[in-house]
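Hi,

Here is the structure I promised to pass on.

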Amino acid sequence: MPMPITLDDTTIHPIIEQEGPLFDVMSFFPALTNEVFDENRSWLQPHFIAPSGALMLCIQSFLIRTPHHNILVDTCVGNHKERPTRPFWHRMNSDRFEKGLAALGLTVDDIDYVMCTHLHTDHVGWNTRLENGRWVPTFRKARYIMSDRELAHWTEREKNDPSSCPWITDSVLPIIQAKRAQIVKSDYAFNERLQFIPTPGHTFDHFSVLVGQTGHDCLITGDMIHSPLQGKYPRFGMMSDYDSAQAGRTRQVIFDRFCDSATVMCASHFPSPSTSRVGRWGDGYKFTPI
Ligand SMILES: [Zn+2]
C-alpha cells in the first residue's frame, strides 16, 4: 500500500483503483513531437512512459483523515459504468478501490465529504453505485463538494448532448437529485487548513486542494498536470483540455508559487508513488519524488 503523508494531526492516503499504460503518449499530448520525445526518453522510460509508448497513469483518490473528518478527493472511474469509448474503463467490475478503503479500516459509510476537483469521468465514478437499476450515492453520509461554475458548465452540456458526457448523467446528476451536493466557489476554504485553489484550463473551473499550513502542507493537484513531462514543458496541453493555453498558464503560476518550497505535490495521475516536491528545470519544473 502506498505510504501516507502525515501533516501534524492529518494524514493523506492514496487509494488506487488502477495503474498502468493507458493512452498513447503522442495522442495524449498533441504538442509533443518525436524530437522532443527522443530528447527526454532517457528519464521518461520506462517509469513514466511504457516501452510501447503508452503513458503510465495512476487512477486514484486521496483520502484526507483529520481528527474530525474523512474526506475523499475525487472518486476514480467506478464500477458498472457504460464507457464504450474507453475500453479499460467500460463496465468495470473491480474491488480494488473498496479494498483500499478497507485497508484503512473504512467503509463507504465512513466518508464525511467528497471533493470533486473537476467533473471528468475518471474523477467522479465512485460518486455513485448501481442499486436496483438506479444510480445512488456511494457515500451515503457524505456531502459532495463541487464548483458552481464547473457544475453549471457540465449540466448544460449534458442537457444539450448527453451522449458526450455519460458520466455526468450517471455519476454527477444523481448526487444533485439526492440533495447530497454542496455547491461552492473554486476558491472555497473548508477551514484554515484545507482550501481550494482555482486551477482552470484542464476543465472550465478545475480546482486543486491545499492541505496543511505553510511549510507543512500538501497540494492535491487533481488534473492540472498529468505527467512530469508537463512540468518540463508547462505549455503542453493534453487531449481532453477545455483550454490548453489557460492550463499551461495555470501550471506556471502554481509551480512558481510552490517551487523550491516544502509543499508536497500529490499529482493524481503520476505513477505511484505520486508524491514529489517541485523545483526549477530550465524554463520548466522538475518533480523530485519523496
Ligand atoms: Zn483525470
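This is a predicted model: local features need pLDDT of at least 70, side-chain atom pairs count only at pLDDT 80 or more; totals for chains, interfaces and linings use all residues.

Residues are numbered from 1 along each chain as its sequence is written, and side-chain values use heavy atoms, with hydrogens and water left out.

Rings first: searching the whole structure turns up 18 aromatic pairs (Phe, Tyr and the six-membered ring of Trp, centres within 6.5 Å; planes under 30 degrees apart are stacked, over 60 edge-to-face, the rest tilted). Phe 88 and Trp 89 pair edge-to-face, 5.1 Å centre to centre with 90° between the planes. Trp 89 is buried at 3% relative accessibility, while Phe 88 is partly exposed at 26% (buried is under 20% relative accessible area, exposed over 50%, partly exposed in between; 1.4 Å probe, protein chains only). Both also belong to a cluster linked by ring pairs, along with Phe 23, Phe 28 and Phe 29.

Two charges sit over rings (NZ of Lys or CZ of Arg within 6 Å of the ring centre and within 35 degrees of the ring normal): Arg 41 over Phe 37 at 4.4 Å, and Lys 286 over Trp 281 at 3.8 Å.

Lastly, His 206 is buried, with 0% relative accessible area.

Cheers
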